[in-house]
Amino acid sequence: MNDTLSLLASHFIGVIISSMFYGFTLAQTWRYFRTYPKDRRSMKALVAFLWALDTAQLALVAASIYHYTIIWQGDLTMSSHVSKTFEASMAITSMIAFLVQLTYAHRIWRLSFGNIPVTFFIVLLALAALGSGGAMVVETVRDPLWDSTHVSNLPASSFYLSSMACDSLIAATQVYLFHKSRTGIGRLGGLITKLTVLVVNVGLITSIDVTLFLILFLVCPRNGAFLVPYILMSHCYVNSFLSVLNSRIELREMVDNDDVGDPVLLCS
């Protein structure tokens, strides 16, 4: 009984904070389409698709808490099960992370002038994270009891390690490529410094969230505290991606370079 109440409390807190993060997503999406109307259609389609997925994720976790608190109120049997809507939100979270990481891999491939080994390992880690996330969903569908979530810690650990390794490799590679291209201390040097700080900060957002998820999942799986960072994960990826896209207008003011306006070259 107490574990069920703790799970519902964590779920509810996650939905509340998720709604706040979604407000940032809306603001950044609106700013992107308003500020960069001349971006390629493919980038606009990606931003719109990520926004749609993020919207669906919030709707699903909100519907999930609605089932627990309204439809299944007082039904301890149903409350002890992971809802179908939450299972669907888990799949969307993995998909969002994969799409963002894959876009970063494409950017690094261009920045490195087609460095296949580095790009291959980033894509491989992104696929591993996607597969681990899918395994988490499958395990949950097969055994939907909240009390059984600790049993599937192998897929959760694999998801964490793959995501962390992928995000770290992406950030480290970009920092290396930025500094490798440094030719002076003028405007280009200032641009590279700003890009480096931006890449590190963006990487920290997702890394901290994923780390909290794993620690809470492994240490205290029964009280559901891990649900809060897990529900926020998709918003962290989307907002970190959009923040870099929307930073181009400030970067243009630092250096007059056509490449600075390229959304692929500036999506870290």
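Welcome! Residues are numbered from 1 along each chain as its sequence is written, and side-chain values use heavy atoms, with hydrogens and water left out. This is a predicted model, where local features need pLDDT of at least 70 and side-chain atom pairs count only at pLDDT 80 or more, while totals for chains, interfaces and linings use all residues.

The axes of α4 and α8 come within 9 Å and cross at roughly 35° (axes are lines fitted to C-alpha atoms, for helices over the stretch in contact, and angles run from 0 to 180 degrees between N-to-C directions). From α4, Phe86, Met90, Thr93, Ile96, Ala97, Val100, Gln101, Thr103 and Tyr104 take part. Their partners in α8 are Leu227, Tyr230, Ile231, Met233, Ser234, Tyr237, Val238, Ser240 and Phe241. By class, this contact has 13 nonpolar residues, five polar ones and no charged ones (Ala, Val, Leu, Ile, Met, Phe, Trp, Tyr, Cys and Pro count as nonpolar, Asp, Glu, Lys and Arg as charged, and the others, Gly among them, as polar).

## The whole chain

Stepping back, how many helices and strands does the chain have? The secondary structure comes to nine helices and zero strands, and the pattern along the sequence reads α-α-α-α-α-α-α-α-α. Helices (H or I, at least four residues) and strands (E, at least two) are DSSP runs, numbered from the N terminus.

Of the chain's 268 residues, 50% count as buried (buried means under 20% relative accessible area, exposed over 50%, partly exposed in between, with a 1.4 Å probe and protein chains only). Among contacts with a separation of 6 or more, 77% join residues 24 or more positions apart; contact means heavy atoms within 4.5 Å.

## The nonpolar core

The largest nonpolar core holds 56 residues, of which Phe86, Ile96, Phe213 and Phe241 touch the most other members. Two or more residues come from each of α1 (2–35), α2 (41–71), α4 (84–111), α5 (116–142), α6 (153–180), α7 (187–219) and α8 (227–245). The most come from α4, with eleven residues. A nonpolar core here is a set of buried Ala, Val, Leu, Ile, Met, Phe, Trp, Tyr and Cys residues joined through side-chain atoms within 4.5 Å. In soluble globular proteins, nonpolar side chains tend to be buried together.

What does Phe213 touch, not counting residues up to four places away in sequence? Its list is Met136, Ala156, Phe159, Phe226, Pro229, Tyr230 and Met233.

## α2 against α8

Helix α8 also packs with α2, at an angle of about 155° and with the axes 10 Å apart. That makes the two helices roughly antiparallel (angles under 35 degrees count as roughly parallel, over 145 as roughly antiparallel, 65 to 115 as roughly perpendicular and the rest as oblique). The crossing of α2 and α8 is left-handed, and its contact has eleven nonpolar, three polar and one charged residues.

On the α2 side are Met43, Leu46, Val47, Leu50, Asp54, Gln57, Leu58 and Val61. They meet Ile231, Ser234, His235, Val238, Phe241, Leu242 and Leu245 in α8. Met43 counts as buried, at 4% relative accessibility. The C-alpha atoms of Met43 and Leu245 are separated by 9.9 Å, although the two are 202 residues apart along the chain.

Gln101 sits in helix α4. Is Gln101 buried or exposed? With 0% relative accessibility, Gln101 counts as buried. Leaving aside neighbours within four places in sequence, Gln101 contacts Ile122, Ala126, Ala129, Ser163, Cys166, Asp167, Ile170 and Tyr237.

Ser234 belongs to α8 and is likewise buried, at 0% relative accessibility. Beyond its neighbours within four places in sequence, Ser234 is in contact with Asp54, Gln57, Thr93 and Ile96.

## Towards the outside

Phe113 is found in the loop between α4 and α5. Phe113 is exposed, with a relative accessible area of 80%, and has a positive phi of about 60° although it is not a glycine. Most residues other than glycine have a negative phi.

Ser158, in helix α6, is partly exposed, with a relative accessible area of 26%. Its C-alpha atom and that of Leu130, 28 residues apart along the chain, are separated by 9.9 Å.

Conventions:
Left-handed = near helix turned anticlockwise from the far one by under 90°.
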